[in-house]
Amino acid sequence: MKRHIFQKITQINKFGFPVLVAAAYLSLLVDSYKYIGFLSKHTLVDPRYLLVLSLVSAIFLVTKRANALGLLVFKINAFLILPIATVGYLTMRLLEAFHFNNYVFSTYHVQPVGFFYIVVFSFALAATYKLIGSPNLNKTMLLLLIPVFFIDNLTKVLDSAISSNLYVMAHINYSYADKMSASWGIYYDYTQFIKANTPEGSSILVPPQGYPWFLTGNIGVDRYFLYPRKLVNGDERQPGTNLNNVDYILIDYGETNISQHGFTNIWPKFDVDGEYLIYWNPLDGSTERVDNGKYIYKAENKEQWGIIRVKHDI
Amino acid sequence: MIILLTIGMLLIWTFGFILSGLFIRKSNFWEKTSLGFFLGIGIFTFLWFILNWLGVPYNLFSGLSLVLGLNFFAVLVTRMKHGKWLPWVELTTEHLQKFSLPEKIGMGILMFLGVSALIQSVYWPIRFWDSLVLYDFRARLFAQTGFMQAAISQGYFFGYPLLTSLAHTWVYVLGGSNPSFIYSIFYIAFLISFFVNVEKMKLPRQAVIALTLLVAVSPRFFEHTQWAYANLPYSIYIISGSIYLYWGLKNRDFGQYTLSAVLIGLSTWARGAEPFWLSCVITAIVFCLFIKKWLWPLVYVGLFASIIIPWRYFQSIYDGGTINVVGQVVSTTSSVVQNLQFSVLKPTFDFFVANVFILYLIYFITLGVVIITKIFIKSREWLITLLIVFDIGMAFAGTLIFVKYIAYAQDIPDSLARMVMFIPVMICFLLAESIAEFSKYLKNEK
């Protein structure tokens, strides 16, 4: 009875294998074109399940001697799909490394990580094909099932490693400042401007903590870049502290346009008597100094960055 | 700079390497190598902290004197205990012989991941949120001022112990500018350690490689080589401590048993808030009663306490915390019991499912399959399973308290996911153990 069922499964698998592989490739392509999870959301069929099923089917087929159709699928995969998919994937990741993160998706509407599933699948099929005829095949194939079930993690981690390595290759000459700028964006450049224009030990009033100043308003992060300067949070519409104890106040548009606690872009939203003001252009890093400058808050949403040297009462 | 940095890190490793020989005499070169790093960096930073507390500044001289002294001490004790100046070393090469195709692919991927982690961490400076705000900030102030007062006065200091911060400080005083590579070494050393420990189960090499690969690609592990958070070292100490507790009790091996106590103690030196050490300490005590090793638990608890207590005492002096670990456990447990109401349990359960079970789904499915298999074959090996179940229970209880008392808990699900990132790896070890057990069962059936 058991033997009969086993033979039946073997028979079905011989014909099911090409169908499963084709379905897996097609669904992975659709997901990488739309987004990962698109098919499972709309059809309840996750391409990754098809991928795992196909590999289980391939492993089963190889241990039982593949038929001509099965061998043809293996050959097309190994000699056509695998090289094309690998070159395509690496090209996408290189394009991202040289342009910006998400460049490929925003330009060609293909997700490299989604496409990488095709590469991994193709590679796994090719490796399975290569095992035909090797000794202890049944035992080997059984053990191969372990990583197959974890192929999702494997794909994500490998993709992350490959794309990160390509980024490093493309930006091998980056300085510390370039790397931090690439990681923290405008915020890092702004802290360097503040650092260059305030002496160590001075006290600086920064915006309240919350969006749109989720970074500049967070003293915990600021101190890493600005220590040993003393940092104090102000309120949105008033200093919230005696300005005689403050040396500088930031002119801070905000790192995002997101609002929290009712805060909106531009800070300070109060006037400040300043000895001088220095405006900073985030696009090119240029500065403009205005002597005897009083900072007057205007209720307009104009992007401004800089620093005010507070005039103290004598 | 590079030479000094290399010498400084090598001295840490040699100390740990020699010390590991005192715990497990007949371990091979690779096991001692991985343990050498874990023990070396953990014990060195711990003693450096104690010395600083006593007034010795953090600087190159104190660090070098300490690490040289530790090496000398370890050699001396080895000589006294084993009659040789250096530990017994067996450099096996059988791992590297006659690879089949799947093994070549598996080893290729493992090496690629290890090298990639190293490349990334050498290239990128410390740049992620918590590492900037806390761990590396403290390290920079320690290296600049030589003492802890400046960092303490800046606030946000006592939440986490100093293992990773002092490891960064060591890199800075040695002239290095980027301590990120430490985390890649943790990752690589742990993969070696896992490989060696699974190999001890006499599984085929293909299975050992496949299981090590699962650990290498386990969620969060690889990415944390770049983050410079304390989660990766913490997870590694907890997992290694659990594995050596397993070997210690299984083989009635006092050396591995005490090694577990040190590793679990060092996990609390990496992160202090999580209570997962509890599962190992309780298991170490209870199982010893079964095997009638009455004095072993005293040594275990003594070693563990000697590592957890100093930081807690330091905390209690400056920040008003408590050193009464047992009292804290009792009060936390009673708090959990009091909160067992449906109105709190339901959102906690949903939060836990969404951020732990879904993320690590395949591992929990594996855990379920393994438990069913163990029941089916009437297994007598339940230690690792118990540890995992205990840890999951504690993670849930912790989440319960978190959701109850911290208003923004729902906003930081990633913290929970990071906190339990060691559980999938423990499940991989359990999988290895149950494959070995199942193979034995099949042989006996035949």
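Because the model is predicted, local features need pLDDT of at least 70 and side-chain atom pairs count only at pLDDT 80 or more, while totals for chains, interfaces and linings use all residues. Residues are numbered from 1 along each chain as its sequence is written, chains are lettered from A in the order in which they are written, and side-chain values use heavy atoms, with hydrogens and water left out.

We start with the interface. Taking contact to mean heavy atoms within 4.5 Å, 40 residues of chain A are in contact with 41 residues of chain B. The size of an interface is often given as the accessible area lost when the parts come together. Here the buried area, which is the accessible area (1.4 Å probe) that two parts lose on being put together, summed over both, is about 3,600 Å² between chain A and chain B, and carbon and sulfur atoms give 76% of it. Of the area that chain A buries against chain B, 21% is supplied by Phe150(A), Arg223(A) and Tyr224(A), more than by any other three residues.

What kinds of polar pairing does the rule find across the interface of chain A and chain B? A polar contact is a pair of N or O atoms within 3.5 Å, where within protein one must be able to donate a hydrogen and the other to accept it, and where residues adjacent in sequence count only if both atoms are side-chain atoms; by this rule, 13 residue pairs, both at pLDDT 80 or more, are in polar contact across the interface of chain A and chain B. A salt bridge, in turn, is a side-chain nitrogen of Lys or Arg within 4 Å of a carboxyl oxygen of Asp or Glu, and the number found across this interface is zero. Helices (H or I, at least four residues) are DSSP runs numbered from the N terminus, and on the side of chain A that touches chain B at least two residues each come from helix H6 (112-130), helix H7 (137-149), helix H8 (151-170), H9 and H11 of chain A. H8(A) gives the most to that side, with 11 residues.

With its 17 residues, H5(B) reaches 23 Å from its first C-alpha to its last, close to the 24 Å expected at 1.5 Å a residue, the expected span being 1.5 Å times one less than the number of residues. If buried is taken as under 20% relative accessible area, exposed as over 50% and partly exposed as in between (1.4 Å probe, protein chains only), then H5(B) is mostly covered, with 12 of its 17 residues buried. Among these buried residues are Leu132(B), Tyr135(B) and Phe142(B), and the buried residues of H5(B) pack against helices of both chains, including H9 (176-184) and H11 (219-226) of chain A and H7 (163-173) of chain B. After H5(B) comes Gly146(B), whose phi is positive, near 85 degrees.

Over all chains, a search of the whole structure finds 18 salt bridges. In one of them, the side chains of Lys250(B) and Glu381(B) meet at 2.7 Å, N to O, and this pair links distant parts of the chain, with Lys250(B) in helix H11 (residues 231-250) and Glu381(B) in the loop between helix H17 (361-376) and helix H18 (383-405), 131 residues apart. Lys250(B) counts as partly exposed because its relative accessibility is 35%, and Glu381(B) counts as partly exposed at 24%.

Lys374(B) takes part in a salt bridge with Glu433(B), the closest N and O atoms being 2.8 Å apart. Glu433(B) lies in helix H20 (residues 423-445) and Lys374(B) in helix H17 of chain B, so the pair ties together parts that are 59 residues apart in sequence. Both Glu433(B) and Lys374(B) are buried. Lys374(B) also forms a salt bridge with Glu437(B), where the closest N and O atoms are 2.9 Å apart.

Lastly, Asn28(B) is found in the loop between helix H1 (2-23) and helix H2 (29-53) of chain B, and Asn28(B) is buried because its relative accessible area is 12%. The side chain of Asn28(B) reaches the backbone nitrogen of Trp30(B) at 2.9 Å, while the backbone nitrogen of Glu31(B) lies 3.0 Å from a polar atom of that side chain.
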